[in-house]
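Please walk through this model one part at a time, with the sequence and the structure side by side.

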Amino acid sequence: MSRPIKLRRAPQFTVDIVDDARASLVELLRDLEAITRDNADDIEVWASAVTTAGWEIARLGQWLGLEGEAALLLGGASYPEIAEHQGTSASNVYNRVGRSLTLAPYARAAGSVAHVSAEALEEARRDYAAETVIEGDAAAPGGVGEAGETLVEKVLAILRPGPSTTAEIVAALPEYRRSSVLSTLSVLARRDAVTRVGHGVYALPDH
């Protein structure tokens, strides 16, 4: 048995997926109960409802499995560690995890199976870390709209006068790695805190 896999917290996107799946399962089982109760004397209707529900539950289970594996990878677990916990092979985990919605932006298509490369996983981890930083900034006194000491605040302050290119933003923040600045811009754009107004050009939404 490998070391326990521990995660700091789940990515918000995965949390949303789990919540959606839970609601779907509750609704599905409620409907199944009603159909099988009201049609207990009609084996065709009863069996059709059971069959449909069974395959839907299986689909949701696979969906959740992929998202769980994606979250473990973002938390620092490796393919072999996840595989050992599941009693499967690392290649099986690698082959299927690229189909998760959480890691979909980083997937590399290979035939009919999507893969997540080591480089893409590192990019996903940087975005995940940037999301954590941004959430911390948003909770800090003064909010993210004021110029301050955090990377998020500095990026927003740079964009306040008007649109800037990624090269200009990176150059204005020499104390930060380029990848950190780009990841922060990417996360801010996904949260509509900044807007892409051209190729490699960002601005605040009101611009």
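In this predicted model, Arg-196 stands opposite Tyr-202 of β5. The two strands concerned are β4, residues 195–198, and β5, residues 201–203, which pair in the antiparallel sense over three bridges. They form a hairpin with two residues between the strands, and in this hairpin Gly-200 takes a positive phi near 70 degrees.

Tyr-202 also has Ser-164 standing opposite it. Here the partner strand is β3, which runs antiparallel to β5 and is joined to it by two bridges. As background, strands of a sheet pair through backbone hydrogen bonds, either parallel or antiparallel.

The segment after β5 contains Leu-204. Is this residue buried or exposed? Leu-204 counts as buried because its relative accessibility is 15%, and the cut-off for buried is under 20%. Apart from residues up to four places away in sequence, Leu-204 touches Leu-156, Leu-159, Arg-160, Ala-193, Val-194 and Thr-195. One of these, Arg-160, is 44 residues from Leu-204 in sequence, while the C-alpha atoms of the two are 6.6 Å apart in space.

The next stop is the chain as a whole. Its secondary structure comes to eight helices and five strands. Read from the N terminus, the elements run α-α-α-α-β-β-α-α-β-α-α-β-β. The protein chain has 207 residues, of which 33% count as buried. Among contacts with a separation of 6 or more, 54% are between residues 24 or more positions apart.

Helix α3 spans residues 79–86, and Tyr-79, Glu-81, Ile-82 and Ala-83 in this helix are buried. After α3 comes Gly-87, with a positive phi near 70 degrees.

Further along, Ser-100 sits in the loop between α4 (90–97) and β1 (107–110). Ser-100 is buried because its relative accessible area is 0%. Its side chain reaches the backbone nitrogen of Leu-103 at 3.1 Å. With neighbours within four places in sequence left aside, Ser-100 is in contact with Leu-66, Glu-67 and Ala-70.

The last topic is open space. In general, rolling a probe the size of a water molecule over the atoms shows where empty space is left. In this model, the largest pocket holds about 260 Å³ of space. Which residues lie nearest its centre? They are Phe-13, Thr-102, Tyr-106, Glu-131 and Arg-190, out of 15 residues that line the pocket. Two or more lining residues come from each of α1 (12–38), α5 (118–139) and α8 (178–190). Of the elements, α5 gives the most to this lining, with four residues. Sorted by class, the lining has nine nonpolar, two polar and four charged residues.

How values were computed: Residues are numbered from 1 along each chain as its sequence is written. This is a predicted model: local features need pLDDT of at least 70, side-chain atom pairs count only at pLDDT 80 or more; totals for chains, interfaces and linings use all residues. Side-chain values use heavy atoms; hydrogens and water are left out. Buried means under 20% relative accessible area, exposed over 50%, partly exposed in between (1.4 Å probe, protein chains only). A polar contact is a pair of N or O atoms within 3.5 Å; within protein, one must be able to donate a hydrogen and the other to accept it, and residues adjacent in sequence count only if both atoms are side-chain atoms. Contact means heavy atoms within 4.5 Å. On a 1 Å grid over the protein atoms alone, a cavity is a set of points where a 1.4 Å probe fits but cannot get out, and a pocket is an open set with protein on both sides within 12 Å along at least five of seven lines; lining residues have an atom within 4 Å of a point. Grid points are joined across faces, edges and corners, and a volume is the space filled by probe spheres set on the points. Ala, Val, Leu, Ile, Met, Phe, Trp, Tyr, Cys and Pro count as nonpolar, Asp, Glu, Lys and Arg as charged, and the others, Gly among them, as polar. Two strands pair if DSSP finds at least two bridges between them.
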